[in-house]
Amino acid sequence: MKLHLDRYSLLNKFQSAYRPKHSCETALLRLMNDLLCSADAGNVTLVVLLDLSAAFDVIDHTTLLTRLQMEVGIGGSALQWFHSYLSDRTQRVMVNQASSVTVPLLCGVPQGSVLGPVLFSIYTSQLGPLIEKHNVNRKMFADDNELYFSFSTDSESVREAVCAVEDCCLEVKSWMLRNKLKLNDEKTEAMLCGSKFSLSKVSLDSIQVGQARIPLSNLYGTLDSMSTIFYV
């Protein structure tokens, strides 16, 4: 399965976790490198950290099987195996000796399994091209999504950057709703990164994500010795 995905580059190229050479460390290195390069050029970067609710538990089986067939190229007995793997699962809640009624699971991929995270990555692979349409950079780690956009400090560039990021977030949320995923607007975080001098030129304290107005975080952390800072 993984050999097939890698051979035909079927996973999002910026998707980390559960892949060889795509660890938490490499994800952070890429993000930090982009932030530092932007700051070195005198720009600032708006970073948005999107939060998903129970991401692995709400994957629609019918949609997933369709993607496996149409986008990954799995068919025949292999597709039937995946159908068997996902179907006929049940769940119930037990407290001491009391048990709820057993109900069938019509969505979700098994967490803690080898295939679960891979199937989630396949299910959400359409997000990559969608985000690229807005010229917004991205980094994905498992079910965490980071969007970031670098821009100069003049007022027109700030306005265009905010519009690009907000439009991107709106389209991401619409895609998630259509695909039965839930984006937590109120748990989404945003921060502005750059040198202390560049940040002093930008007047921006919040952005709109869906129905929520997200304030920029206001805690400081040093990025490097040249007064580059993170609003985290």
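1. Basis of the note. This is a predicted model, in which local features need pLDDT of at least 70 and side-chain atom pairs count only at pLDDT 80 or more, while totals for chains, interfaces and linings use all residues. Residues are numbered from 1 along each chain as its sequence is written, and side-chain values use heavy atoms, with hydrogens and water left out.

2. Asparagine 96 belongs to the loop between β4 (94-95) and β5 (98-99); helices (H or I, at least four residues) and strands (E, at least two) are DSSP runs, numbered from the N terminus. Although asparagine 96 is not a glycine, its phi is positive, at about 55 degrees. Aspartate 88, in the loop between α4 (76-86) and β3 (90-91), likewise has a positive phi, near 60 degrees. Aspartate 88 is exposed because its relative accessible area is 78%. Most residues other than glycine have a negative phi.

3. Helix α5. Which residues of α5 are buried? They are Leu115, Gly116, Pro117, Val118, Leu119, Phe120, Ser121, Ile122 and Tyr123. Nine of the nine residues of α5 are buried, so the helix is largely enclosed by the rest of the structure. These buried residues pack against α1, β1, α3, α4 and α7 (155-178), where contact means heavy atoms within 4.5 Å.

4. Crossing of α3 and α5. The axes of α3 (residues 61-70) and α5 (residues 115-123) come within 9 Å and cross at roughly 80 degrees. Axes are lines fitted to C-alpha atoms, for helices over the stretch in contact, and angles run from 0 to 180 degrees between N-to-C directions. The two helices, α3 and α5, are therefore roughly perpendicular to each other (65 to 115 degrees; under 35 counts as roughly parallel, over 145 as roughly antiparallel and the rest as oblique). Helix α3 contributes Thr63, Leu64, Arg67 and Leu68 to the contact, and α5 contributes Leu119, Ile122 and Tyr123.

5. Glycine 108. This residue lies in the loop between β6 (103-104) and α5. Glycine 108 counts as buried because its relative accessibility is 11%. Leaving aside neighbours within four places in sequence, glycine 108 is in contact with Phe56, Asp57, Val58, Ile59, His61 and Leu86.

6. Asparagine 12. The loop between α1 (2-7) and β1 (15-16) holds asparagine 12, which counts as buried at 7% relative accessibility. A polar atom of the asparagine 12 side chain lies 2.9 Å from the backbone nitrogen of phenylalanine 14. Not counting residues up to four places away in sequence, asparagine 12 touches Arg19, Ser125, Gly128, Arg138 and Met140.

7. Strand β10 (residues 206-209) pairs with β11 in the antiparallel sense over four bridges; strands pair if DSSP finds at least two bridges between them. Serine 206 stands opposite proline 215 in β11. Two residues separate the strands of this hairpin, and glycine 210 in the turn has a positive phi of about 65 degrees. Strand β11 (residues 212-215) has a covered face, Ala212 and Ile214, and an uncovered face, Arg213 and Pro215.

Methods. Buried means under 20% relative accessible area, exposed over 50%, partly exposed in between (1.4 Å probe, protein chains only). A polar contact is a pair of N or O atoms within 3.5 Å; within protein, one must be able to donate a hydrogen and the other to accept it, and residues adjacent in sequence count only if both atoms are side-chain atoms.
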